[in-house]
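Please find below my notes on the model, as numbered points.

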Amino acid sequence: MKLYWKVLFVILLVAGGYTSLAWMNTEEVDFVKVGNQVPEFKLETSEAKIDASSLKGKVVLVNFFATWCPPCVKELPHLEKEVWLPNKDNKDFVLLVVGREHSEEEIKAFADKRGLNLPFYPDPKREMFSMFAKQSIPRNYIIDREGKVVYSAVGFESEEFEKMKAVLKEQLN
């Protein structure tokens, strides 16, 4: 009978741990959600400096990625071909492709190797990413002209990417 109580105790302990993790994943991982104002971030490269307040009046797509992340690497060519190239000359659109925990040099080498011509920005210490989320990439956020988040997604799936493009098109019209 003692074994029964030990097994039951372990089951309850494990179940409680999973419940705690599930709660953390839904409540503490995403800091910026649809409807929130975008946090006051800053990005810098050797050629440009950008902060959130300078983007007011523009539609902004923020993409967080890492060079070692397979879904990110799969998404970036689609981002370039289907979002950046059709919209790069639109003065009301800004794309920020942010390399989580990457230096400018690492991102440049990665982009050159893959033939990508996106507007990349380094976030070597996760300073910007940490304002938006705790974990999980790729992540995409669309910010409207007033600085409000109107779209948010994690991961890369074709159907969700199409939804993102539709929201972006709606915001730019």
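1. Six salt bridges are counted, a salt bridge being a side-chain nitrogen of Lys or Arg within 4 Å of a carboxyl oxygen of Asp or Glu. This is a predicted model, in which local features need pLDDT of at least 70 and side-chain atom pairs pLDDT 80 or more, while totals for chains, interfaces and linings use all residues. Residues are numbered from 1 along each chain as its sequence is written, and side-chain values use heavy atoms, without hydrogens or water.

2. One of the salt bridges joins K165 to E82, with the closest N and O atoms 2.7 Å apart. K165 lies in helix α5 (residues 158–172) and E82 in helix α2 (residues 70–87), so this pair ties together parts 83 residues apart in sequence. Helices (H or I, at least four residues) and strands (E, at least two) are DSSP runs, numbered from the N terminus. E82, E162 and K165 are linked in a network of salt bridges.

3. K108 and D112 also pair, at 3.0 Å from N to O. Both lie in helix α3, four residues apart, about one turn of the helix. K108 and D112 are exposed; by relative accessible area, exposed means over 50%, buried under 20% and partly exposed in between (1.4 Å probe, protein chains only).

4. Where does R100 lie? It is in strand β4 (residues 93–100). R100 is buried yet has no salt bridge, and the nearest side chain of opposite charge, E101, is 4.7 Å away (Lys and Arg count as positive, Asp and Glu as negative; His and the chain ends are not counted). E101 instead forms a salt bridge with R126, at 2.5 Å from N to O. E101 sits in the loop between β4 and α3, and R126 in the loop between β5 and α4 (129–132), 25 residues apart.

5. A search of the whole structure finds one disulfide, defined as a pair of cysteine sulfur atoms within 2.5 Å. C69 and C72 form it, with their sulfur atoms 2.5 Å apart. The torsion about the S-S bond of C69 and C72 is about 75°, so the disulfide is right-handed. C69 is buried at 4% relative accessibility, and C72 is buried at 0%.
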